[in-house]
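Here is a short report on side-chain contacts and pockets in a predicted model.

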Amino acid sequence: MTSATSTVPSTADGTDPAGASLLERLGEVWLELEDHLARVPVLQRLDDGTVTLEDYMRLLFNLRQQVIDGSLWIARAASNFDIDHFELRAAAIKHAEEEHRDHFLLEADYVALGGSREELRAGRKNVGSEALSGYLFTYASKPNPAGLLGAMFIIEGLGARRAAQWAARFQEVLGLADNQVHFMTYHQEADGAHTGDMEAILTSGLIDDATADEIVRCAQVVARLYALQLEELDR
């Protein structure tokens, strides 16, 4: 999906101010996320070229503890869609199946950098990841949790729009090999396909006004919590 420009109308509580489309409203949430990411210390160091190998390994270590939950909360969401939401249930089942091996790619990168797979798997979530996973699992446990499309907009959007850029920059600064950044480069293509599928749902007749409000609110929360997990590495 393309980012919305700063001229897109928005309101502080995420409600539709003047008939803005759902994608326009989500575009505003994306711009808020970009502002938060610009203040994340490890990403600031990546941008200015002072990032270290330790920084990159810490990032992978912290991401892994949340990435492994991805297919689990999506599968839980799928189980809570009723027959009247069959299209969303089918999409969630397909997405969970595609996501459930992602953590193996991250682990392979970490080991290729000289890290220990056993230590990685024994790690714990940082405080931001705890908050993010807790929110996602709680939301996924609701009946017909269509608002989670907002979470997917943020998480898949980061893979499609930012992950490959981060990978290329880590390679440029640290001289990394392709097999040390595969997790991030893979997600540009995979999540690009996911965002295309999601855009078709968001622009279909499946989403009513109340659901659109839920999607935007969920996107706002997930955007803030995702940035928080990057801010709170190792804490």
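## Salt bridges

Arg224 is partly exposed, at 32% relative accessible area. Buried means under 20%, exposed over 50%, and partly exposed in between (1.4 Å probe, protein chains only). Glu231 is partly exposed as well, at 27%. The side chains of Arg224 and Glu231 form a salt bridge, 3.4 Å from N to O. The term requires a side-chain nitrogen of Lys or Arg within 4 Å of a carboxyl oxygen of Asp or Glu. By this rule there are 12 salt bridges.

This is a predicted model: local features need pLDDT of at least 70, side-chain atom pairs count only at pLDDT 80 or more, and totals for chains, interfaces and linings use all residues. Residues are numbered from 1 along each chain as its sequence is written, and side-chain values use heavy atoms, with hydrogens and water left out.

## Bridges between helices

Asp55 pairs with Arg45 in a salt bridge, with the closest N and O atoms 3.0 Å apart. Asp55 lies in helix α3 and Arg45 in helix α2, so the bridge ties together parts 10 residues apart in sequence. Helices (H or I, at least four residues) are DSSP runs, numbered from the N terminus. Asp55 is buried at 6% relative accessibility, whereas Arg45 is partly exposed at 25%. A network of salt bridges links Arg45, Asp55, Arg58 and Asp234.

Arg117 and Glu107 also meet in a salt bridge, 3.3 Å from N to O. Arg117 belongs to helix α7 (residues 117–121) and Glu107 to helix α6, so this pair ties together parts 10 residues apart in sequence. Glu107 is buried, with a relative accessible area of 0%. Arg117 is partly exposed, at 30%.

## Aromatic rings

The structure holds 4 aromatic pairs. Rings of Phe, Tyr and Trp (its six-membered ring) pair if their centres lie within 6.5 Å; planes under 30 degrees apart are stacked, over 60 edge-to-face, and the rest tilted. Phe61 and Tyr110 are tilted, with centres 6.3 Å apart and planes at 50°. This pair links distant parts of the chain: Phe61 is in helix α3 (residues 53–67), Tyr110 in helix α6 (residues 102–112), 49 residues apart. Tyr110 is buried at 8%.

Tyr135 and Tyr139 form another tilted pair, 5.9 Å centre to centre, with 55° between the planes. Both lie in helix α8 (residues 127–140), 4 residues apart, or about one helical turn. Tyr139 is buried at 6%. The charged end of Lys142 sits over the Tyr139 ring, 4.0 Å from its centre. Here NZ of Lys or CZ of Arg must be within 6 Å of the ring centre and within 35 degrees of the ring normal. Arg161 likewise sits over the ring of Trp30, with its charged end 4.1 Å from the centre.

The largest pocket holds about 280 Å³ of space. Of its 18 lining residues, the closest to the centre are Ala91, Ala92, His95, Met152 and Ile201. On a 1 Å grid over the protein atoms alone, a pocket is an open set of points where a 1.4 Å probe fits, with protein on both sides within 12 Å along at least five of seven lines; lining residues have an atom within 4 Å of a point. Volume is the space filled by probe spheres set on the points, which are joined across faces, edges and corners. Helix α5 gives the largest share of this lining, 6 residues.

The second largest pocket has a volume of about 190 Å³. Its lining includes Glu34, Trp166 and Arg169.

Definitions and conventions
Helices (H or I, at least four residues) and strands (E, at least two) are DSSP runs, numbered from the N terminus.
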